[in-house]
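Here is a quick tour of a sheet, a loop residue and a helix pair. Have the viewer open and follow along.

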Amino acid sequence: MAEEKITEQFDTEAILEVRNLRKCFPLKKTLTGKVTQELVAVDNVSFKLKRGETLGIVGESGCGKTTLGRTILKLHQSNGGQIIFDGQDITDLKSSQMRDIRKKMQIIFQDPYSSLPPRSTVGGILSEPVEVHKIVPKSEIKSYVLDLMEKCGLRDYYYERYPHEFSGGQRQRICIARALSVNPELVICDEPVSALDVSIQAQIINLLKELQQKLNLTYVFISHDLSVVKFISDKIGVMYLGSMVEFGSKEDIFSNPLHPYTQALFSAIPQPDPDIKMNRIILSGDIPSPANPPKGCRFHTRCPKATDKCKEVTPEYKDYGNGHCAACHLLG
Amino acid sequence: MDENTKNEALEQSVESEVPHDKTVRLMSPTRMVVRRFFRSKLSVVGLIMVVGLFIFSFLGPVIYTQWGEIQLDESGKTEYSVSETTYTVNGEEYTLRQTTEKYLKDNFLAPPSAEHILGTDNEGYDVFVRLMYGGRISLIVSFIAVFLITILGVIMGGIAGYFGGAIDNVIMRLCDVLICLPGIPILLIISTILDASGIDAKYRIYLLMIYLTFISWPGTARLVRGQILSLREQEYMIAAEAMGFSTSRKIFKHLVPNVMPQLIVQMSLSLGSMILYEATLSYLNLGVKAPYAAWGTMINIISTNQDVLQNHLNVWVPAGICIVIAVLGFNFIGDGLRDALDPKARR
C-alpha cells in the first residue's frame, strides 16, 4: 500500500523532481557547534524534469548553480526540501543506500584537469566504476570500455595512457566517458565546456547532444554561457543569489522573459552582427553577499523596476501559464 | 588559446606519425620517476653507497668467516715494557735498563695486517668483522623503526585527514603532546629501567627503537594528514564519491597512492636520521652494549681510552666513516627521489 502511495504522490513521468530545495553552509559556529551565521547557497528551488530532456541552469558566478547540482547528487547534504529521483525520495538516504542510485546519476565537472586522478591510466579510470558496480562481467570489461571510448571519440590506444598526456578537450571526453561508464539516466554537467576554448566547446556540446539521443540521457546543464544553454537546453532555469527566479521552456524564456533579471541577462548576449544595435540593460552594483542577502525580493538592490513592495515582501514563485514560472511582484 | 593550438598540433603530429599503432605508449609516471632518479648523479651515488653498505654488512660476514663478532683473538701478545734507572756510584754513572716481558692472552690493539684487515680493538676483537656486524644492527634497526613509524603515521594521519572533525582533533593533539616530549631524557630513564630489569643486551636496542617509533610517528602522521586534507577536496575525489565508491576504496585506492611520493621521500630521509639516532644511543652506551658490536659502540671506545683516540685510528675511524656513508647515502637517495617525484618537473 505504502509503495502505491509513493507512486501516486510522485510524477512518474519526471525523472527528477526538486521541491523547495535548500542548502546552507555554516559560516560561524559557537564552541558547542551551534551555527550562528550561515550562507544560504541554494534557497527554495523547485523544478521538474522529464526523461530525455535537458535543463539549462544559468546565472552569474556565485549564484549557487554548482551547489544546486551537487546537492541534487547528494554530494552535499541538503538542509530542507525534497529530491525525488526516478519516483524515489532520495533526500534522506544514507551514503550506503545511495551507492546503488549513484550509478543512475552522474556528474561531469568544469575542470577536466583536476577531475581525473593523475596516477591511473585512462583504461583504469574508465574500468574502475564498471568493475565496482558490476555493469558487465569481468571478462567483458575491456571490450565494454573500448566501446565506450569509441562512442566518446577516444581512440583505442589511449587506453594505456595517462590523463596528463591529453589536452583539455580530450580530457573532457574522458570525463564524459567516465560519467557514462555506469549507464546513468541523469547526468549533471557542471559547466563542462567553460574551461575549453571555443572550437573544442562546440565538439564537446555536439558529443553531449549525440550521446543524449543515442542513450536517452537527461541532462542538467549548468552554465553561465547563454548561447551554449540556448543550443542544448529544452528547459531553462535562471538563478539569482541561490534561488530560481524564472523557469520555463527554452522558447518561452527566450521569446518572453518575465523576470527583470532574465531580461537583463539576455540583453547581454553578444550579437554576431555589428549593425544590430544592442539594447543592453546595464545592472548597477555587484551581486550581494549570499551570507547577508537583502530583504524582500533578493534582486531589488539591482532591479531597474524595483518598487517599495519589492524591498519588503519576498515575491512568490508562481506559474504564469504553460509551466513558465517566475518570482516577481511586477507580474501581478 | 596558444597552448590549445599547440596541444592540437602535437596531437595531430602524434596521430599522423603513428596512425593506428596500438603499441604506442608514453611512459607511465612510475617509469618516468625511475628514469629521472637515475639521471641524477648524486642519487645514483647515494644508491651505490647504500647498496654497498648492505652487501658489506649482510654478505660480508657470510664470506669473511675468519673471525666472529664476539670472538677474541687469543693468539696472545707479548708486551715489552722498558724501564731505565740511572745510578751514580762513586762518581760514575750506571744505567740500568730493564725490559719486562709480559705475556697477555689476547692480541689487542693489533695493527692492520693480513690476519686482521683493520687490526683489533682494545679487547682483541677484529675491527673489520665488527664493522660488518655493527652495520647489520644499524640497518636492521633503522629499517624496522622507519617501517613502524610509516605504518603508524599513515594509519593515524589517514584517519585524521579523511574523517576530520573530532577524530582529527584528538589525533592531532596527541601528536602535539608527543612532539613536545623531550626524547633523550626519557630515553635515559627507559635505558636505566631496562638495565635494572636485566633484559638481554641483544634486544634492548629493539625496545629502544619501539620507543623511538612511538615518539617519531607524529611527523609522518602530520605529513599524511596534510596531503589527504588537500587531496580530499580535489575534484577527482568528488568524482569518486559521485561514483559511489566505498570509503576504504577511496582511501586506499585513490588517496594513499597519491601520498606515496611524499611518503617515500620522508621514509628515505628518516632512515638516515634513525641510523644517526642508533649511533648516538650506542655511543652514549644506551643502545647496543658490549660485547655486541654497533658503529656507535665502536666509537665509544675512545671515550674511555685516550691511547686509542691518539694512536689507534684504525679502531674507531672506520665506524665513523660507515655512519657518514650510510646517512649521506640515504639523504642523497631521499633528495633524488624528491626531485624525481616532483610532478612539476617536466623532463
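## Ground rules

Two strands count as paired if DSSP finds at least two bridges between them. Helices (H or I, at least four residues) and strands (E, at least two) are DSSP runs, numbered from the N terminus.

This is a predicted model, where local features need pLDDT of at least 70, side-chain atom pairs count only at pLDDT 80 or more, and totals for chains, interfaces and linings use all residues. Residues are numbered from 1 along each chain as its sequence is written, chains are lettered from A and ligands numbered from 1 in the order in which they are written, and side-chain values use heavy atoms, with hydrogens and water left out.

## The sheet in chain A

Start with strand 1 (residues 14-29) and strand 2 (residues 35-50) of chain A, an antiparallel pair held by eleven bridges. Within this pair, A:Leu16 sits opposite A:Leu49 of strand 2. The hairpin they form has five residues between the strands, and A:Gly33 has a positive phi there, near 90°.

Zooming out, chain A has an open sheet of four strands in the order 2-1-4-5, with antiparallel pairing. Strand 2 and strand 5 (88-89) of chain A are at the edges with a single partner strand each, so one side of each has no neighbour in the sheet. Strand 1 of chain A also runs antiparallel to strand 4 (residues 82-85) of chain A, joined by four bridges, and A:Val18 has A:Ile83 of strand 4 as its bridge partner.

## A helix across the strands

Helix 2 (residues 65-72) of chain A lies across strand 1, strand 2 and strand 4 of chain A, and runs at about 115° to strand 1. Axes are lines fitted to C-alpha atoms, for helices over the stretch in contact, with angles from 0 to 180 degrees between N-to-C directions.

## A serine in a loop

A:Ser233 belongs to the loop between helix 8 (226-232) and strand 9 (235-240) of chain A. Is A:Ser233 buried or exposed? A:Ser233 is buried, because its relative accessibility is 1% (the cut-off is under 20% relative accessible area, with a 1.4 Å probe and protein chains only).

The side chain of A:Ser233 reaches the backbone oxygen of A:Val229 at 2.8 Å. Leaving aside residues up to four places away in sequence, A:Ser233 touches A:Thr54, A:Leu55, A:Gly56 and A:Lys250 (contact means heavy atoms within 4.5 Å).

## Two helices in chain B

Helix 4 (residues 127-163) and helix 12 (residues 313-341) of chain B have axes that come within 10 Å and cross at roughly 30°. That angle makes helix 4 of chain B roughly parallel to helix 12 of chain B (angles under 35 degrees count as such). Residues making the contact include B:Leu131 and B:Phe143 of helix 4 and B:Pro318 and B:Phe330 of helix 12 of chain B.

Notes. Buried means under 20% relative accessible area, exposed over 50%, partly exposed in between (1.4 Å probe, protein chains only). A polar contact is a pair of N or O atoms within 3.5 Å; within protein, one must be able to donate a hydrogen and the other to accept it, and residues adjacent in sequence count only if both atoms are side-chain atoms. Angles under 35 degrees count as roughly parallel, over 145 as roughly antiparallel, 65 to 115 as roughly perpendicular and the rest as oblique.
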